[in-house]
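Student: I am new to this structure and would like to go through it with you. May we begin by looking at it together?

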Amino acid sequence: MSDVARAAGVSKNTVSLALRNSPQVSEATRKRIEGIAARLGYRTNPVVGELMARLRQSGQPDFQATLALVNANRDAGAFTRHPTLPPYIEGCRRRAAAMGYALDTFWMHDPATDGSATARTFRARGIRGALLVGLMDENTLPARFSPVVENFPCVVTGVRTRDPALSFACVDHHVLAMQAVEHTLALGYRRPALVLDPVIDALVQGRFSAGFHIGQRLLRPRDRIAPYYKIEIARRNPTHFIQWIKRRKPDVVFTLYNVVRHWLEDAGFAPSRDIGLVQLEWRPAQPDWAGMHQHNDLVGEAAVDMLVGMIHRGDSGPPAFPQATLIAPSWIDGLTVRPGSKRAPDPGR
């Protein structure tokens, strides 16, 4: 580093900041230092880098740069009002602070501004990249937001975007559904059913239903129940769902919707005693439910790590080869399934 500093006519601290893409160093100086470092064959020491990262995390946050935390939901207040988004935000804030980054919040659908104005604001505030949180109904971004996506590195949490395709972090939905089946089979259930809105399944490229179908391979063919996708019909007429339950006779239901429990209870079914219930996005606010914990706070942390890595590499715009970080889910015991543990059934019996 001393050789690079002498050749560039700057301090070692300036070299260090430039090689970490710090906004304290101008782009022209950073590129000049990077060129000199490359010519001299300079390579960062991974041991020193790890030590410095630990030191930066050990004390109070000393914000050196800023990231954008973009609410991609249609609801301007989704970061606090939506039932599943706050853990993502918590994880983003926690990891960003530990790495020395402040977060500025934006709303993607703000009618008072557009992508060009947002991009100018990013530059004026020294914002290096964006975390997109809250896509719930679709996995495309509005064209008006293109100036941000085309000029700054962006990472999406929760889902994979198609247009444009961006790097993303989310729970492993396929493994989540598959493990949910495996856990309930270990509890002695034999006829699991998936109750899901097809829009949500499409949002995650069918990974919920795919994992469910893989889990069903352990079952006898006559015990494999096709998913119930008529959620919107059932919201208007719960009898439609109850008739399906009586006809198909599942002994445990996997779902994302609390209302499914109300439909069953109103029809006289007692959770656990008459039919098991598994929440595919378990929340601490509902501790009596059994379900799969998606660890969305860890998803938020992973998204920050991905974005900071992109910033350090000097990436910008949609990547040629988007990357994905998948977080493993965890099974949570609850009162809505049978207690105890039994051996999973032999599919040949």
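Tutor: Buried means under 20% relative accessible area, exposed over 50%, and partly exposed in between, with a 1.4 Å probe and protein chains only. This is a predicted model, in which local features need pLDDT of at least 70 and side-chain atom pairs count only at pLDDT 80 or more, while totals for chains, interfaces and linings use all residues. Residues are numbered from 1 along each chain as its sequence is written, and side-chain values use heavy atoms, with hydrogens and water left out.

Student: Which residues of α3 are buried?

Tutor: Helices (H or I, at least four residues) and strands (E, at least two) are DSSP runs, numbered from the N terminus. The face of α3 turned away from its buried side carries the exposed A28, A38 and R39. The buried residues of α3 are R30, I33, I36 and A37.

Student: At what angle do the axes of α13 and α14 cross?

Tutor: Axes are lines fitted to C-alpha atoms, for helices over the stretch in contact, and angles run from 0 to 180 degrees between N-to-C directions. The axes of α13 (residues 238–248) and α14 (residues 259–266) come within 10 Å. Angles of 65 to 115 degrees count as roughly perpendicular, those under 35 as roughly parallel, those over 145 as roughly antiparallel and the rest as oblique. The two helices are therefore roughly perpendicular to each other, crossing at roughly 75 degrees.

Student: Which residues of α13 and α14 make the contact?

Tutor: Contact means heavy atoms within 4.5 Å. α13 contributes P238, F241, I242 and I245, and α14 contributes V260, W263 and L264.

Student: Is T113 buried or partly exposed?

Tutor: T113 is placed in the loop between β2 (101–107) and α7 (115–125). Its relative accessibility is 25%, so T113 counts as partly exposed.
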